[in-house]
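Subject: Handing over a structure

Dear colleague,

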Amino acid sequence: MKPDRVSTGSQALDDLLGGGLERRTITQIYGESASGKSTFCLMAAVASLRAGNSVVYIDTEGFSVERFTQIAGADAAEFADRLYLFEPLDFAQQGTMIADTEGLLKASDRAPIGLLVMDSATALYRTELDLGREALRKLLHHMIKLLGLAKKYDIPVLITNQIFMDIERERVSGLGGTALEHLSKAIVRLEKKDSVRRAMLRKHRSRPEGLTFDFLITEDGIRKV
């Protein structure tokens, strides 16, 4: 029987999330640029690869082979064979590539997919904001498809999100508003101050909002401080 949760590759983040990434759900990490979102995605991917799984990785901001190699270490070349990388160039292609991942999830002739990562779910959406509600409708269609894949294939989905100032609620929030927030069962906000970052739990079904840990970004991932 599979465990209910999958390690993020960071003990501190696993503890914050109550044991790791929950299967059949979307976990969202949001924060400003250079706050550590992509590092956590790569650490989670490497942890799943190290466990013998394959990983689907959709990167809309430019995948860093160098950073992947740093985090994966001596196993980088071996792990790269089981990392299925998609790099959409526009919002429409993002939707197509999400749909295309199902072929990999169905395949029985390779190591099973253990994790689906999307970094960032909203970078290309941001380029479509002039379309108003139509852009949001497309984004939510993408996220509902991801959630459907998570449920159908019993895997966790990890997404990152960019931020904006929510004037009505007078706080910094993730793009996509309450709709994307609703689709994400766990949400972690990253903040940065000089070299120190903070991870804060903003939403969880069984843990209190506001739990935090501080960390530094290191060559091989992150280090809790």
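Two strands are said to pair if DSSP finds at least two bridges between them, while the elements themselves are DSSP runs, numbered from the N terminus, with helices being H or I of at least four residues and strands E of at least two.

Before going further, please bear in mind that this is a predicted model, in which local features need pLDDT of at least 70 and side-chain atom pairs count only at pLDDT 80 or more, whereas totals for chains, interfaces and linings use all residues. Residues are numbered from 1 along each chain as its sequence is written, and side-chain values use heavy atoms, with hydrogens and water left out.

Helix α2 (residues 37-50) has 14 residues and reaches 20 Å from its first C-alpha to its last, close to the 20 Å expected at 1.5 Å a residue (the expected span being 1.5 Å times one less than the number of residues). Because 11 of its 14 residues are buried, α2 is largely enclosed by the rest of the structure; buried means under 20% relative accessible area, exposed over 50% and partly exposed in between, with a 1.4 Å probe and protein chains only. Among the buried residues of α2 are K37, F40, M43 and L49. The helix is followed by G52, whose phi is positive, near 100 degrees.

P156 is found in the loop between α7 (133-153) and β7 (157-161), and P156 is buried, with a relative accessible area of 0%. Leaving aside neighbours within four places in sequence, P156 is in contact (heavy atoms within 4.5 Å) with residues including V6, R23, G114 and L116.

Grid points are joined across faces, edges and corners, and a volume is the space filled by probe spheres set on the points.

The largest pocket holds about 240 Å³ of space, and of its 15 lining residues the closest to the centre are E32, S33, A34, K37 and E61. The largest share of that lining, 3 residues, comes from α2.

In the second largest pocket there is about 190 Å³ of space, lined by 14 residues, of which V6, R23, S48, N53 and G114 lie nearest the centre. β1 (5-6), α2 and β6 (113-119) each supply at least two residues of this lining.

Finally, the count comes to 1 cavity of 30 Å³ or more. The largest cavity has about 40 Å³ of space and is lined by E22, T25, T27, K185, A186, H204 and R205.

With best wishes

How values were computed. 1 Å grid on protein atoms, 1.4 Å probe; cavity = no way out; pocket = protein on both sides within 12 Å on 5 of 7 lines; lining within 4 Å.
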